[in-house]
Amino acid sequence: MEKSSERRQRLKSIIGGSAGNLVEWYDWYAYSAFTLYFAPVFFPSDDSTAQLLSAAAVFAVGFVMRPIGAWIMGIYADRKGRKAGLTFSVTLMCLGSLLIAVTPGYDRIGILAPTILVIARLMQGLSVGGEYGASATYLSEMAGRETRGFFSSFQYVTLISGQLIALCVLLVLQAVMPVRDLESWGWRIPFAIGGVLAVAVYFIRRGLSETRSFTNAQATPGPRSSGWILFRDHPKEALTVIALTAGGTLAFYAYSTYMQKFLVNTSGFSREASTEITAAALFIYMLLQPVAGALSDRIGRKPLMIGFGVAGVAFTWIIFRSLETVSSSFAAFLLVLGALVIVTGYTSINAVVKAELFPAHIRALGVALPYALANTIFGGTAEYVALWFKGQGLERGFYWYVTAMIACSLIVYLRMPETKRESRILEP
């Protein structure tokens, strides 16, 4: 009976933590999904690529705050609890979304408009930087040893769900609003929705249970979490997280958020068709995450990551090159889905792999900070680098860049330990 009650409590906590993660990532991705509509409001220009480049630069600026958020809130979650870290992060995300929703355009307040946009994205970057480490740690610690890969995969299920819901909101608004209204003020609606949902999540997260790993760590004398302790005592693990993240996060952003712009700017699809193709592929991709996570519980984490590395090196250039000239929406969907299937080998298990590398007293920081550094350098700049290559007339250089970074991470996957077998998460 006690085991059944414990199982129900564990499942409730995982669902609660995942729901909050969904709203966090919805708020984050709403910016990317609606860039095509609000870019002219904040960055007036006669060149659509220049507008997208400016908006992508602000998207990248948000990533600059992610290591800072990971550092501050990783330590906070290690010292005050995973639940406290999750609650703090959603508060910042709420404020950032509401600020974007109400900021006037460039035509009304001039340079203040993009300035306020940058401030809002900095707040959201701080939030997401802390969210990743806290949620990855929370879900990995809450899951049982035999199902850790399966349940921790729901971090990316909710991450993708957030992106997918942002795209669905875009599809609905495209269907019910004239383009003129959507470009004028309709793009503000998703940010307002995100701000309101974040308030609800705040109260959900306050009611979550704390993990046994954190409670046990608090009861055991030992060093406190800090950036110095992390890189002094666990340099190999921290560098492993950076290296294994680099290729995976670049591939994820190239195949997902940038893909929507690529289908419009390069393939020649309409904005509506691009959104539909991306949303359909992401939906199936989302469903694959727990399947791959469960598979890792049976065969280990390394085979999946190595599979991503090999397939990413072999097919990234081919997929992007084929998308340049594709005319059929269904063919484009299959190509995008193929890319997302490849990156599933990384996204479905990257959270648990990182959590399994560190002891409990520094786990949230160890997961968050090295990941955020790699994510800022490679993931946050993916759109900007892609558009820069395009602006220079060297668009295919971006395909080779993604391929090369996946190859670098593949070397790490081949050399790193099997974390399922050597996990530092001690609780059953």
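**Figure 1. Residue classes in the lining of the largest cavity.** In this predicted model, the lining of the largest cavity consists of three nonpolar residues, six polar residues and no charged ones. The residues concerned are Y29, S32, A33, Q163, L167, S256, T257, Q260 and T278. With a threshold of 30 Å³ or more, the count comes to one cavity.

Figure 2. Helix 1 provides the largest share, with three residues.

**Figure 3. Packing of helix 4 and helix 6.** Two packed helices are described by the angle between their axes and the distance between the axes. Helix 4 spans residues 82–102 and helix 6 spans residues 112–142. Their axes lie 8 Å apart, and the helices pack at an angle of about 155 degrees. Because angles over 145 degrees count as roughly antiparallel, helix 4 and helix 6 are described as roughly antiparallel to each other. The crossing of helix 4 past helix 6 is left-handed. The contact of helix 4 with helix 6 contains 16 nonpolar, eight polar and four charged residues.

**Figure 4. Packing of helix 16 and helix 21.** Helix 16 comprises residues 302–325, and helix 21 comprises residues 396–415. What is the crossing angle of their axes? The axes of helix 16 and helix 21 cross at roughly 170 degrees and come within 8 Å. Helix 16 and helix 21 are therefore roughly antiparallel to each other. In the contact of helix 16 with helix 21, 16 residues are nonpolar, four are polar and four are charged.

**Figure 5. Surroundings of S423.** Where is S423 placed in the chain? S423 belongs to the segment after helix 21. When residues up to four places away in sequence are not counted, S423 touches R148 and E356. A further view relates S423 to S213. These two residues are 210 residues apart in sequence, while their C-alpha atoms are 13 Å apart in space.

Note on methods: Residues are numbered from 1 along each chain as its sequence is written. This is a predicted model: local features need pLDDT of at least 70, side-chain atom pairs count only at pLDDT 80 or more; totals for chains, interfaces and linings use all residues. Side-chain values use heavy atoms; hydrogens and water are left out. On a 1 Å grid over the protein atoms alone, a cavity is a set of points where a 1.4 Å probe fits but cannot get out, and a pocket is an open set with protein on both sides within 12 Å along at least five of seven lines; lining residues have an atom within 4 Å of a point. Grid points are joined across faces, edges and corners, and a volume is the space filled by probe spheres set on the points. Helices (H or I, at least four residues) and strands (E, at least two) are DSSP runs, numbered from the N terminus. Ala, Val, Leu, Ile, Met, Phe, Trp, Tyr, Cys and Pro count as nonpolar, Asp, Glu, Lys and Arg as charged, and the others, Gly among them, as polar. Axes are lines fitted to C-alpha atoms, for helices over the stretch in contact, and angles run from 0 to 180 degrees between N-to-C directions. Angles under 35 degrees count as roughly parallel, over 145 as roughly antiparallel, 65 to 115 as roughly perpendicular and the rest as oblique. A crossing is left-handed if the near helix is turned anticlockwise from the far one by less than a right angle, and right-handed if clockwise. Contact means heavy atoms within 4.5 Å.
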